[in-house]
Amino acid sequence: MNKRDFLKSSGAIVAGSMISRLATGQQQLAPRENWAGNITYSTDHVHAPANVEEVQAVVKSCSKLRALGSRHSFNRIADSTQNQISLQHLDQIVIDDEAHTVTVGAGIKYGQLAPVIDARGYALHNLASLPHISVAGAIATATHGSGIHNGNLATAVRALEIVTANGDVIHLSRDNDGDQFLGAVVGLGALGIVTRVTLDLLPTFQVAQTVYQNLEFDQLAHNFDAIFGAGYSVSLFTDWENHRATQVWIKRKLQPGEKHESAAEFYGAKRATEKLHPITGHSAESCTEQQGIPGPWYERLPHFKMNFTPSSGRELQTEYFVPCDRGYEAILAVEKLCDQITPHLFVTELRTIAADDLWMSTAYKRDSLAIHFTWKPEWEAVKQILPQIEAQLKPFAPRPHWAKLFTLPPAPLQAQYTRLAEFKAMLNRHDPDAKFRNDFIETNLYAT
């Protein structure tokens, strides 16, 4: 996918002729794909309501329905054989200076939101590696950034507005709804259609990003916390060759007026003398600024700029979350498969995420190391490798990213979520006829 094609597709998830089609959905002539091109959706009936009232009407009119975000899921979590609903026209942004929150329509992407709140003196606590994803989709799947003390993006949620299966609008908040709120935030699209999200805001801040090359994995044996805690957000990249991380990206939060200085070496890794892309050989033009140049939080915390194709373009993604306190062991376990992994890999990223209390979060009650694989678009080969990786990670109770590719069977997946029974009871209360469940939900949450 080239830059022109990406900008065209990210500007309109569904064609303009589909705006506000309610009862029947508008059929498209061409197959619709996810961003990576590895998924063709099973229906071409997509509704694109203009406001919450139209969302209610769509929900009432459909017996089966799934929400479609920015199409950045790599599996079929957003798929439907009958109807999908795009919230792209719900694009309001309302800042509450007294509460230090922002309320956004479910169609807003982080790349749209960030400059608006920054101009008012605010920031979010974290961002994912790319800003092209929607707020509602990111929180529904526990999508994350990095930082040993930073929760995933869903932990910033203060309140939700949701249209449930009968078309009613409900409001849930951290302040008023306790466990029900904690169960609903990472809702996997199964509770209802999220129409508005309220997020906590912080004062705006500056970040400087420095990249180092060739960090020996042996350094992680005794310095794991120090390495991943060396900045506000830290990422290690590896190709699983030569027992080392090819790059270390350290994003340091700066105090007002602070001048950034970076050491020439970092645990034996050398500071890069030029801007780098995480994937060796790719142009770094699409990457956010490095070499210690200070900039706004939203132009440094992501790895990629909003107006460029993120990462590689046509690719597959997989990610597993393991306990941080066993992170180095898990890295060594995966490294044993380097000969199988490397021929089909673009790059692996290693990041940390702080524990949270959200029932279906991949970091629920567990500080986590995320082991992320960006694969070449070679699914036949990759699907043979994933069970091997999952077997190597079995001693670490891996939790796969909800929106990425995995082959973990339902039983061990379900065993990772101690509040799953309560989550399913919540779904049954709000959606007794399973309107919002698709094959992905039925298989991974309900199959035995």
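What covers the buried residues of helix 3? In this predicted model, the covering elements include strand 4 (93-96), strand 5 (101-105) and strand 6 (122-123), together with helix 4 (135-140), strand 9 (193-200) and strand 16 (295-296). Helix 3 itself spans residues 110-119, and its buried positions are Tyr110, Gly111, Leu113, Ala114, Ile117 and Asp118. When the helix is viewed down its axis, these buried residues fall within an arc of 155°, so they line one face of helix 3.

Beyond the end of helix 3, the chain continues through Arg120, which lies in the loop between helix 3 and strand 6. Helix 3 is also followed by Gly121, whose phi is positive, near 90°. Arg120 has a relative accessibility of 45% and is therefore classed as partly exposed, a category that lies between the limits of 20% and 50%. Apart from neighbours within four places in sequence, Arg120 is in contact with Ile95 and Asp97. With Asp97, the side chain of Arg120 forms a polar contact of 2.8 Å. The C-alpha atom of Arg120 is separated by 47 Å from that of Gln392, a residue 272 positions away along the chain.

Cysteine residues were also examined. The structure holds 0 disulfides. Cys62 has a relative accessible area of 4% and is buried, because the threshold for burial is under 20%. Cys287 likewise counts as buried, with a relative accessibility of 0%.

Definitions and conventions: Residues are numbered from 1 along each chain as its sequence is written. This is a predicted model: local features need pLDDT of at least 70, side-chain atom pairs count only at pLDDT 80 or more; totals for chains, interfaces and linings use all residues. Side-chain values use heavy atoms; hydrogens and water are left out. Buried means under 20% relative accessible area, exposed over 50%, partly exposed in between (1.4 Å probe, protein chains only). Helices (H or I, at least four residues) and strands (E, at least two) are DSSP runs, numbered from the N terminus. The arc is that of the directions from the helix axis to the C-beta atoms. Contact means heavy atoms within 4.5 Å. A disulfide is a pair of cysteine sulfur atoms within 2.5 Å. A polar contact is a pair of N or O atoms within 3.5 Å; within protein, one must be able to donate a hydrogen and the other to accept it, and residues adjacent in sequence count only if both atoms are side-chain atoms.
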